[in-house]
Amino acid sequence: MIRVEVIIPLALDGLFSYAVPEALISEAPGFSVGCRVVVPFGGKRYYTGVVFSLDKEAEISAYKEVEQILDATPIIPEATLKQWEWMAYYYACPLGSILRDALPSGLLPESKTMLSLVEGFEAEEALPHAELLILDTLAEKGAMTTEQLERLVGRRLTRPLLRLIELGAVHTEEALQPRYRPKLARYLRLAPEYQEDEGALSTLFDGLSRAPRQAELLMAFLEALRETGQDHSGALHRSVLLEAVPKSEAQLRALIEKGILEQVLEPVSRLRAVEPSSRESSIADVEPLTHPVTLYYGHTAEDKERYILGQIAATLACGGQVLYLTSSVHSVPSAAGFMQRLAEIAGANYYPYHSLIGEAVRVETYLRLSKLDSPALVVGTRSAIYVPLPHLSLVIIDEEQEYLYKQQLVAPRYHARDVALWRAHQSGAQVLLTSLTPSAEVLFHALRGKYQLLRPESFSAETASQSQQVLPTIELIDLKRLRQLREVEWGHTLTPYLLEEIRSTIARGKKVLLLQNRRGYAPYVTCDACQTRLLCPNCDVSLTYHRTRAALLCHYCGYTAALPEACPSCGAIEVMTKSGLRPALRQVGYGIERVEEELKEKLPAYEVLRIDSDTFSSQKKRMELLEQIESGSAEILLGTQLIRNQPIWEGIGLIAVVQLDAVLGVPDFRSEERAYQLLHQLRLRSRAPREDCPRYLIQTSSTEQAFIKALQVGDYDTFINEVLAEREATNFPPFTRLTHLWLRGKDKRLLASAALVLSQYLKGLLPNERVTDPQIPDLARLEGYYQRQIVIRRPFQQSYREERAAFASALQQLRLSMPESKRLQIFFDVDPL
């Protein structure tokens, strides 16, 4: 037997060894590294893993055996396995976490516990109602999973199920649950005895002389085979024949019953080629890239997109494969959309890979690309960085500064831009980074010559002046002063000046774009009687009130609750104020829903369209919203930062930031950079001839802060150079590489002591780096777990390999010295945002 090392899709360190029986090898002679196998793991569970290495000479002792080989030949190329290995090493996470994230879930079936009734069971005593309900349901419906049973019964059944299993009333068995099934279509074939024998076929038609409609249908079938270039052994889709001879279902059934035609189910692809465009489209000629990594620093989205299209078209024409990554993909029914242009230039070689396509399509896309030799354009979000492309020539990271390229909530906490750079270096492909407002990290490497910096001359001030395209001037509205003068009503945030500008803009036939970068109705709810906030029971964070859901919501753990009438802390329902009695619970702050409500109250004649993550929460809602944008019926477009990448820029006459503080968000060393990029891009995208240039208003309570002055100047180069100088002085990225080491646990004392011990080990192993003492973060408790954080700084010139070795050694020492630390969650966030 052969021994294999297998990656299991669980957050466990290391590989797991199994023996492959000779019987399985004989059925899959192409079995090798990169094939999927079903293996037993733990007590009774089965998982689909991927073979990482194979040893034909190993001595097989007490290894568990592989249950099933799922692939006749490898579907994971060795280059992809190397990428997974590097990601696990660099981001200090288990290979199993990479596997779980990298493959579509349809390629990783795993076992589920099936419950069935034991025949002949008789209870010796009366059973409780819950146990009787389980037995009745299994008797009526048959075997099912625990999840299915609980769904039918409508409650959790852990305790009654365990008791019934102990009594011998319910039998459990692990069964592999396939998540992907090929799409099957009904095809028709001529029976084998008629495929080669013309004489038998002629005799057959003679026998159908009394069934002329059947003979006509059979003749149409043979004619269709000839038209599609097939002989009599070919197959024809059932619907093609029925379309050729309408109302012939009865005759078809008769031919099948007589054994003349056979109906077979055959798998068909779900992938659909993009139809060629009927409109003329010109692709700009571009100079070929001459450097491994190029930063295209543009000033208009249109010219940046033309450059990207030119590079993609040139690469495809040379037979290369292109991976285009974007921070978000929204399918909009617009022939002029950039995504549509990408699809058109690639045609049949276009492969979308993102959340808007179904899981089955993702599976088929992955399988096809793993063995594709022809040109291809893959368009996707950060997860597309895992897609195998054997002949990758070009990787494009569009708007590389976007935070959505970083996976932050679950392992692996990778940055797609950095993984793309490593992957391209390994495969010999080139990387094109594009942005209107490059990140400090990328611009730093471009300025020091590591990346080629490309700034097209067409964006010089002189050329911009010649084309009479100007940027809107930023005007400030002093919210603090207007509130002091009581010109802004209590509980409102739209100033009279902004409201008048909205009316004036719409009267001119233009649209209004309002930015309020805060979800929900009110960021928090407080009691005016006892001065306490309503907090999430699982996290140390205020609950946000969402009026559209009529609920309080935690944006971290997803906890929801109805808004109570009385304060949960003091029980107060009302409080006395100068204006009389008011509800004790007061909704504080201005989320986007509250601004929407205020707009509808103050400007009822105008249609308001809200664009945020709640209105984009499902594909159906997303498509409905995008169709509304496309129709152009809404005069006021109100959105969070998601609004920037939507097709809303035609006819905009006013841009207004409702609250600048909501854009700046929680203060950290990147908050001003992110805010400047967002607000400056809104300005760049609204560039227009002087007579059509929109107004740009910002409402703020701090009109004198340096950030606003820099934003008004609009010189991104000067701003980002000042940011880089400040970061160098304060030892922050890109001059230092950061790693956040997180510890989480239910036991507060164990967490504190383990964090202290771990930090001491790291300080001893990394003398040249700055390792902080354990810190209690602002969010001290998340999802019911207390948190501690250790920050590790590494000079950017220093290799990460010594650091990774120290991470592994420190964790091992902690496990040995404090075995109870296994009860804690410990993970690394490398290069955090």
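This report describes the fold, the packing and several annotated positions of one predicted protein chain.

## Basis of the model

The structure is a predicted model in which local features need pLDDT of at least 70 and side-chain atom pairs count only at pLDDT 80 or more, whereas totals for chains, interfaces and linings use all residues. Residues are numbered from 1 along each chain as its sequence is written, and side-chain values use heavy atoms, with hydrogens and water left out.

## Overall architecture

The protein chain contains 27 helices and 38 strands; these are DSSP runs numbered from the N terminus, with helices being H or I of at least four residues and strands being E of at least two. Its C-alpha trace spans about 100 × 75 × 60 Å along the principal axes. Of the 833 residues, 50% are buried, where buried means under 20% relative accessible area, exposed means over 50%, and partly exposed lies in between (1.4 Å probe, protein chains only).

Contact here means heavy atoms within 4.5 Å. Among contacts with a separation of 6 or more, 74% join residues 24 or more positions apart.

## Nonpolar cores

A nonpolar core is a set of buried Ala, Val, Leu, Ile, Met, Phe, Trp, Tyr and Cys residues joined through side-chain atoms within 4.5 Å. The largest such core has 137 residues, of which Phe31, Trp84, Leu679, Phe707 and Leu743 touch the most other members. Apart from it lies another core of 23 residues, including Ala215, Ala224, Val245 and Ile260. In soluble globular proteins, nonpolar side chains tend to be buried together.

Val50 lies in strand E4 (residues 45-55) and is buried, its relative accessible area being 0%. Beyond its neighbours within four places in sequence, Val50 contacts residues including Glu5, Ile7, Cys35, Ile76, Trp84 and Leu103.

Helix H26 (residues 748-765) has 18 residues and should span 26 Å at 1.5 Å a residue, which agrees with the 26 Å between its end C-alpha atoms; the expected span is 1.5 Å times one less than the number of residues. Leu750, Leu751, Ala754, Ala755, Leu758, Ser759 and Leu762 are buried in H26. They lie on the same side of the helix because they cover an arc of only 155 degrees around the axis, the arc being that of the directions from the helix axis to the C-beta atoms. The face turned away from this buried side carries the exposed residues Arg749 and Gly764.

The cover over the buried residues of H26 includes strands E34 (736-745) and E37 (785-795) and helix H27 (801-817). Leu743 is in contact with residues including Leu751, Ala754, Ala755 and Leu758. At the N-terminal end, Asp747 caps H26, with a side-chain oxygen 3.1 Å from the backbone nitrogen of Arg749.

Helix H19 (residues 496-507) has twelve residues and reaches 17 Å from its first C-alpha to its last, close to the 16 Å expected. Its buried residues are Leu498, Leu499, Glu501, Ile502, Thr505 and Ile506. Their arc around the axis is only 160 degrees, which puts them on the same side of H19. These residues pack against elements including strand E20 (474-478), helix H20 (592-602) and strand E33. Just after H19, Gly509 takes a positive phi of about 85 degrees.

Thr703 is placed in the loop between strand E33 (695-700) and helix H24 (706-713). Thr703 is buried at 15% relative accessible area and, leaving aside neighbours within four places in sequence, contacts Leu476, Asp478, Ile708 and Lys709.

## Annotated cysteine cluster

The UniProt annotation "binding site", from an unreviewed entry, covers Cys527, Cys530, Cys567 and Cys570. Although spread over 44 residues of sequence, they cluster in space, with a largest C-alpha distance of 8.6 Å.

Cys530 sits in the loop between strands E22 (524-527) and E23 (544-546) and is partly exposed at 26% relative accessibility. Cys567 occupies the loop between strands E25 (560-561) and E26 (574-577) and is buried at 3%. Not counting residues up to four places away in sequence, Cys530 touches Cys567, Ser569 and Cys570, while Cys567 touches Cys527, Cys530, Thr532, Ala572 and Leu585.

Note on methods: A polar contact is a pair of N or O atoms within 3.5 Å; within protein, one must be able to donate a hydrogen and the other to accept it, and residues adjacent in sequence count only if both atoms are side-chain atoms. UniProt positions are given in the numbering used here, feature names are shortened, and annotations may be inferred rather than shown by experiment.
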